[in-house]
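Colleague: Please take a close look at one part of this model, and describe it for someone who has not seen it before. Give the cut-offs for each term as you go.

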Amino acid sequence: MIAEITGNIIRIKEPIVTIQDSEEVISLLEEAAQNSNTIILRVENSFSFPSNIIATLERLKDSGKEIKIVIKDEILFELFNDLNLNQSFTIVKE
Amino acid sequence: MKIAILSENVELIDRISSYLNESGYKVVTFSTNPSMFIQTLEAPYPDVVLVDYDTKEISGPDVVKEIKKKNPNIVTVLLIPEVSPELVENGIEAGADDFMCKDWAFPKFQIRMRLLKRMIKSNKKEAALFKKLREDIQYKNFQENLAMTKHSKIIKNELSMFFEDDNLIETYYKPKDILSGDTIFSIWLGRDRYVMGIIDAMGKGLSASLTSVNATSFLEYSIKKAAEYNDFSFNRSIRDFINYTKAILLEKEMLSAILIYIEGDNIHYANFGMPPIYTPEEKLISNNHPINILTKNFRIDCAKLPKNFFALSDGLIESPMKESHYPYYAKFIKIYKNANFLKDLAKDFEEYAIQKDDVSIIHFKKDEPYEEIFEYQTEIADKSDIDKTLKDFFMADLPQKNKIIYILQELLMNTLEHSVYNMKNKKQHLSYKDMEKVRDSTKVKIDISKKDEYIKFIYEEDSHGFDLNVLNELVFSKYHGRGLKIVRNLSEALFFNRKGNKLKIFLKDKK
C-alpha cells in the first residue's frame, strides 16, 4: 500500500510509480468521497501525481466535493499552480 | 419588506407582530421552533429575520449563523434582553446585522425599523450592482476565451514544438490582451523547408487584432496553396501579402512583420520594422520599413542558417524591468546567447519584466550530439506492460529519475489510450474493456542521453502518435491535454516530429 485512508484524509506515503499505484489512490479518493463532502489529500512522499488522479479529483469537485491537497515537494507544488489547479482545489505547501 | 420573527416566547411574537403591523410592515412568518424554521428556510427568503437571543433548543447566535449559511443576504436582527457588550459581541461574531432590546417601547422600535428599511434598500441596490458586474465579467471571460480559441484555430502554428533531424523549432506566444495585435505562424513546406513569422499590427485592441489575424490568415493560406501546387516562392508570397495588407490597413495604420524562410542551410528573411533576428554571432537587422498603404518595394536578404536564433516582437525587449523600469532589452542582450531553450528566456522575462505588450518569440536551434546513457525498448499492450516499464525505470540509476518517471507515466498512458485503444474523449470515463482495441500492441523505444547539464529524453512509438493539430489548442484548454501540459511543464523544452510519434524532451540535471 502506498497510501492509507483515515476518514476523509488520505496520506500518500510512498512514490506513485505504476498505474496500479494511481488506481489505488483513485480508489481511496472514491472511498473518502463516500464518507465526507471534504477530502484532504496529503502528498507526503511522491514527486509524481499522474493526470488520471487529477482527473478523478476534478470529477469529485464537479460532483460537489471540497478538495484540499497538502504537498511537500516544492516542484510538485509549483506544477499544481502552473496547471491552475489552485482554481479548483485548495492547495497548501507543507 | 418581508419580515420573519423567530422566538419560543409567544407573547414576544405577538407584541412585535402588532408593532410591525401598526407600522405597516408585513410579517410573513413567525415560528416558535428554531430548528424547523432553519430547515424549511428557502426562497423566496424574508428580507429580515428577528431572532430571539434566548431560545432554548438552539441559541440565538447559532440560529443567526445557520440563517447566514443558507443566505448571507438575509438581514438578521437579534432580540436581546438588555444592551450588554457580551451579548452584542456574541451576536456580531455569529454574523448578526443589528440588535434590538426586547423591552423597547413602540416609538424606539419604529425608529429602528425605519433605519433597517433604509439599510435593506441600500443592500439590495448594492447586491443588484454586484450581480450585474459578475454577469458582465463572466460574459467578458467567456467571449475572451472563445476569441482565443478562434485565434488558435485561424492561425496555424505548426512548428510550435517541432523537430526534424537536428532542427529544433519552438515558439512562445503571450498576448497582453486577448484581442492581440501579435500573431505568430509557422508552416512546414517540406524536408528542411519552413516558413515562419511574427506579425505585429501597430496599436492595440480590436482594430489591431483584426489587421494582424486577417493578414496572417491570408499569408498562411496563400503559402499553403502555393505549396500544394508545388509553386511556392517566398518573394511572391511576400508581394501578395503586402498587397493584401495594404488593402485592409487604415490610412495611418502600419504593420510590422518578420517573415523567415528556412531552406536547407540558408535563411531568407524580410523584416518590416521588427527587432533583428538575434544569433549568438550577429544581429540580422530589419531590412524594410513597416508596411503602410504606400509600401511598394521590399527586400529579402539571405544568410547562412545560424545554429541558434531568436526572432521576436518588440513586446519582449521594450517591456520595462520590474525594479529599474529600464527596458528589458538590456537584460535580454546579455542572456539570450546563453539561453538554450525558450523556457530560459520566458522564465527570465516573467520574473524580471512587466509585460506591457504582446510577446511573441520564435526560436530555432540545431540539436547537438549527446552521450547516450540509457536505452530501453518495450511493447505496450495493456496496463501491466506500463507498470513493468515504470518499475524498470524506478530501479535504474538515472539522473532526474523522478521527473523521467512522471513524464513516462503520462506518455505511456497516452500510448495505451490513443494508440493501442481508441480513446477519443477522456471524459467518457470508460474502462479499457469497454473500449475498442485498435491494435494488439505498440512498440516503444526510449533513449536517454546527456550533455553537460542537459538530459535528452527521446520517446518513440511505432504508431500514429500525437495529434499535432490539437497541440496549440491544448495550451489554451482548461481541462484537456493535462498530461501534455505536465510533460511540458516538467521539461525545459519539448519537440514532436512531424508525424507526432517521436518526442525529444530536454531536462535540466539540476543538482
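Modeller: A residue is called buried under 20% relative accessible area, exposed over 50% and partly exposed in between, using a 1.4 Å probe and protein chains only. The model is predicted: local features need pLDDT of at least 70, side-chain atom pairs count only at pLDDT 80 or more, totals for chains, interfaces and linings use all residues, and side-chain values use heavy atoms, leaving out hydrogens and water. Residues are numbered from 1 along each chain as its sequence is written, while chains are lettered from A and ligands numbered from 1 in the order in which they are written.

I begin with B:Glu144, which is partly exposed at a relative accessible area of 25%. Its side chain meets that of B:Lys140 in a salt bridge of 3.3 Å, N to O; the term means a side-chain nitrogen of Lys or Arg within 4 Å of a carboxyl oxygen of Asp or Glu. B:Lys140 is partly exposed too, at 48% relative accessibility. Helices (H or I, at least four residues) and strands (E, at least two) are DSSP runs, numbered from the N terminus.

B:Glu144 also has a neighbour from another part of the chain. B:Ile178 touches B:Glu144, B:Ala147 and B:Met148, not counting residues up to four places away in sequence; contact means heavy atoms within 4.5 Å. B:Ile178 sits in the loop between strand E7 (167-174) and strand E8 (182-190) of chain B, and B:Ile178 is partly exposed, with a relative accessible area of 24%.

The side chains of B:Asp98 and B:Arg112 meet at 2.9 Å, N to O. B:Asp98 belongs to strand E5 (residues 98-101) and B:Arg112 to helix H5 (residues 106-154) of chain B, so the pair ties together parts that are 14 residues apart in sequence. B:Asp98 is buried at 16% relative accessible area, whereas B:Arg112 is partly exposed at 23%. Over all chains, the search finds 33 salt bridges.

B:Gln409, in helix H12 of chain B, is buried, with a relative accessible area of 2%. The side chain of B:Gln409 is joined to that of A:Ser48 by a polar contact of 3.4 Å. A polar contact is a pair of N or O atoms within 3.5 Å; within protein, one must be able to donate a hydrogen and the other to accept it, and residues adjacent in sequence count only if both atoms are side-chain atoms.
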